[in-house]
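Morning, everyone. Let me put the model on the screen, and then I will walk you through it.

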Amino acid sequence: MAEQNAPMLSVRGLTRRFGGLTAVDAIDLDLARGELVSIIGPNGAGKTTLFNLVTGHDRPDAGEVRLEGRDITGLLPETLAGQGIARTFQLGRVFGNLSVMDNVLIGAHTRLRAVKPAVPVIGPLLELGLALLRPASVRAEEERLREEVKVILARFGERLLPRIDQPAYSLSYANRRRVEIARALALKPRLLLLDEPTAGMNPTETAEMQALVAELKAEGLTILLIEHKLEMVMRLSDRVMVMDEGKKIAEGLGEDVRNDPKVIEAYLGHGLSRSEDEQETAA
Amino acid sequence: MASWLDYTINGLIVGNVYALVAVGLALIFGVSRLINFAQGSIYLVGAYIGWVAVVQLHTPLPLTIVVVAVAAALVGLIIERLGLRPLQNSARIAPLLATIGISFVLDQLVMLTFSPNPRALPSQLPDVRFQVGNGTIGLLDLLIAGVGLTSALLLFVFLRYSKLGWAVRATAQDRDAAMQMGVDVNRVNQAVFGIAAALGGVSGMLVGMYYNQIDTAMSLQATLKGVVAEVVGGAGNVPGAVVGSLLLGLVESYGVAVFGTSYRNLFAFLLLVLVLVLRPNGLFASARQAPPEPLTGTFIAPSRPLRIPRWALAVAVGGFAILPLFPVSFYVLQTLINAWLLGMLALSLTLVAGTIGQVSLGHAALLAIGAYTSALLSLSLSVPVGLAVIAGGLMSAALGTTLISPSFRLRGHYVSIATLAIGEIVSLVILNWESVTRGPIGISGIPPLSLFGYDLISASSVYWFSFAVMVVLALLQGRLLTSHLGRSFRAIRDDDIAARAYGLSLNRYKSLAFIFGGFAAGVSGAIAAHLYSYINHETFNTQQSILALTVVILGGLGNVVGAILGSVALVGLPEVFRIAAEYRILIYGIVLLLLVRFRPQGLLGTI
């Protein structure tokens, strides 16, 4: 079947304009199954807008997005979640008043079966009834998911497990990022989009996060990563795409992209010499 | 019959008045992203200050206008100081609730000072009318148009050319950036509230002169109309608000011409709902807006709920259950029955406003739907009262959810406007649909509560019945909260964008919350109908919606035990202290304000 050979994610000519500004300008991008591609670029390059377009949080003005060959352009985020796309958010969007457990359980929402029978029209009412009556099948499903959540949280060592019943607003910034990633993993995604997972983390925490992402990649997960920490990008990525002012200015293996003059110029600004390359790596 | 030109002129004049209110709302929304629910109260205050000036002080017209503008501006500054500034770092729900509280306090103060009876506010202009084509135009019409145009011009010059005006525009575009560039945002807010209030006050006075009548009901109407005009034009869009106001005035005027006066408001609210559904960013929104920035902090204040041990709850329920066995007075039982009925409404509202974050201001409409359904079924079709009450709950769940569903795509403050408007629509439909609802006469002779053929007449039997129903509803809601639905509702409240990213359909879960909550409110209204034996379109009014909201905030948003505790407190305490009825609403308003300021999580905490 053709679908089997289609890339996991395929983006063609994706464009989004805000007034006079073209935030995402005719971007093409392919992600093979199990591949990890990083998107880098200066602030305001359009990386997060691209994420929003892929995950349905924003609609493109032109272009298309395909998931394993099927056109998913302009579908709603809740629909795309059901198709196995999970994402984290740049500024962190945990559910503040929900416990860590409940936050991650929301990630598993699309996998609820017993309590959410796929019946048209009266489905929602059945869902309400089942939630109130809670027959054995519903309780078993809930129990199973809770166990799964604990397994997912265990991937973060002792960071989250001891805080499993604490409300998310009481967590440290780094722990909220971790909760977001745990929530994304609970969806059992086919495609995972991580928007700056290490923002605001210290070097130890960054190393932990890098190890986790490497582990996820090793397990065969397809990942699209936005990240500013170039060392992490170079170590993890199969390929790197560089964006500037909405356009793709380079794409390829990490080392090649890193030495591309256009990339260096985008990062350092115009008129700066090449010798300042080192500073860019440090940033 | 008056000519079309007359209706057009009337529409434009009324639109001009709305514009004075709506422009203020738009300015305030621009700089603070707040829909000022107290704007109508300023309009009311302006009308009464105008009355004092004209009737008691006999000021000449230009001085009257100045007095009203200055006094109203002062009220605006007070609102900014109490309602906005202390809450700048609070959850987004806080300033919304504060302006609702201030609005009730101001309205009640005016009512207590001047009595609720309407007063005449004579126009200070000679009654001269000019012939224009086949219509006429009066001096007052010209004055209103003149004030409208002059204010628009002054406002334009202020925003465009004064330094403070620049600051206002900068703050409206990007508050944080403006602050970093040294703009004193507090001063901007003060200026905007002062200007908005001055315009609103003058508008109230002009309307009073136009109809030669002022009364305290003007306030809510003005807020609603101003908000409708503002939303039609696009929230925060000042020229849009002017156009929206004129459009609203014309729609109303032509609607009255075709269908009659009692339909005036219905057109206004239908226009609002239509715009909210079709163009939620207003008629003049420029294409699609950038998606909203991720908001740090949630709509409601974070808190840890107080855990009450089960045995304590069981003891409390047991205690209230055996209360009628002791020699307590009829008065105590009557008070507690009222508390249980309010408790059911508060359960409904705490689910809708607290758990899923849709701050409904039209919740009394759900009571009305349940009450009318049950009353009509038992009267006209002789359905047994027990069944009729359940049918009332189901009808409220179904019809209420359907009516409110246009608001599901809205967020934050817009939900409150839409639900307020939908509540008004329900009340207007009840008033005008005489063949079914018996219109303004209301329904009398509603049979008393009965269960399996036994009439519940004695106070203790009614007490037990209402208490039992409330406890069952509370237990069900508690069970709902511990299910995956409770989790999903709360996730949608905390961050609807993240919730959607994880597959939660907002329509589906908001519907479910309103279905469950609508049932509880409908049952409450139905029981009330059989207790009162008479209901009309005013039995269930906005004051009840606000009372329920105060109860919910007092108990803690989403908190089931808190909703019941809050009901007992707000129904019981005024009785204990023998507070006269006219002061109660004032006290509810003050309680709401104090809670928002000092204990936003309520007594038992947000769940």
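Start with one pair. A:V240 stands opposite A:G252 in β10(A). Before going on, the ground rules. This is a predicted model, in which local features need pLDDT of at least 70, side-chain atom pairs count only at pLDDT 80 or more, and totals for chains, interfaces and linings use all residues. Residues are numbered from 1 along each chain as its sequence is written, while chains are lettered from A and ligands numbered from 1 in the order in which they are written. Helices (H or I, at least four residues) and strands (E, at least two) are DSSP runs, numbered from the N terminus. Strands pair if DSSP finds at least two bridges between them.

Back to the strands. β9(A) and strand β10 (residues 247-252) of chain A run antiparallel, joined by 5 bridges. Their hairpin has 2 residues between the strands, and A:E245 there takes a positive phi near 50 degrees. What does β9(A) pair with in the parallel sense? Strand β3 (residues 36-40) of chain A, over 4 bridges. In that pairing, A:V240 is the bridge partner of A:S38. So much for pairing; now burial.

A residue is buried if 20 or more other C-beta atoms lie within 10 Å of its own, exposed if 12 or fewer, and partly exposed in between, with C-beta atoms placed from the backbone. In β9(A), 5 of the 6 residues are buried, which makes the strand mostly covered.

Step back to A:D238. This residue lies in the loop between α9 (230-236) and β9 (239-244) of chain A. Why does A:D238 count as partly exposed? Because it has 15 C-beta neighbours inside 10 Å. Two residues are in contact if their C-beta atoms, placed from the backbone, lie within 7 Å. Leave aside neighbours within four places in sequence, and A:D238 is in contact with A:E35, A:L36 and A:V37. Now look across to A:E143. From A:D238 to A:E143 it is 95 residues in sequence, and 38 Å in space, C-alpha to C-alpha.

Next, the other sheet I want to show. Chain A has an open sheet of 4 strands in the order β2-β1-β4-β5, with antiparallel pairing. β2 (21-31) and β5 (70-71) of chain A are the edge strands, each pairing on one side only. Strand β1 (residues 9-18) and strand β4 (residues 62-67) of chain A are antiparallel, over 5 bridges. One of the residue pairs is A:T15 with A:A62, its bridge partner in β4(A).

Now the domains. Chain A divides into domain 1 (2-94 + 189-282) and domain 2 (95-170), with bounds from an automatic or database domain assignment. The contact between them takes 4 residues from domain 1 of chain A and 6 residues from domain 2 of chain A. For residue classes, Ala, Val, Leu, Ile, Met, Phe, Trp, Tyr, Cys and Pro count as nonpolar, Asp, Glu, Lys and Arg as charged, and the others, Gly among them, as polar. On the domain 1 side, that gives 3 nonpolar, 1 polar and no charged. The C-alpha centres of the two domains of chain A lie 29 Å apart.

On to the chain contact. Chain A gives 35 residues and chain B gives 33 residues. On the side of chain A that touches chain B, α3 (77-82), α4 (100-107) and α5 (123-133) of chain A are the elements that give two or more residues. That side of chain A divides into 18 nonpolar, 9 polar and 8 charged.

Over to chain B. Helix α9 (residues 218-233) of chain B has 16 residues. From first C-alpha to last it reaches 22 Å, close to the 22 Å expected at 1.5 Å a residue; the expected span is 1.5 Å times one less than the number of residues. α9(B) is mostly covered, with 15 of its 16 residues buried. Just after α9(B), B:G234 has a positive phi of about 105 degrees.

Two non-glycines in chain B deserve a look. B:S382 has a positive phi near 55 degrees. Its loop runs between α14 (364-380) and α15 (385-404) of chain B. B:S382 is exposed because 9 other C-beta atoms lie within 10 Å. B:R438, not a glycine either, has a positive phi of about 60 degrees. B:R438 sits in the loop between α17 (434-437) and β3 (443-444) of chain B. With 18 C-beta neighbours inside 10 Å, B:R438 counts as partly exposed.

Last, confidence. pLDDT is the predictor's confidence in each residue, from 0 to 100. Chain A averages 89, and 93% of its residues score at least 70. Over residues 271-283 of chain A, though, the pLDDT is below 50. Beyond near neighbours in sequence, that stretch has 7 contacts in the model.
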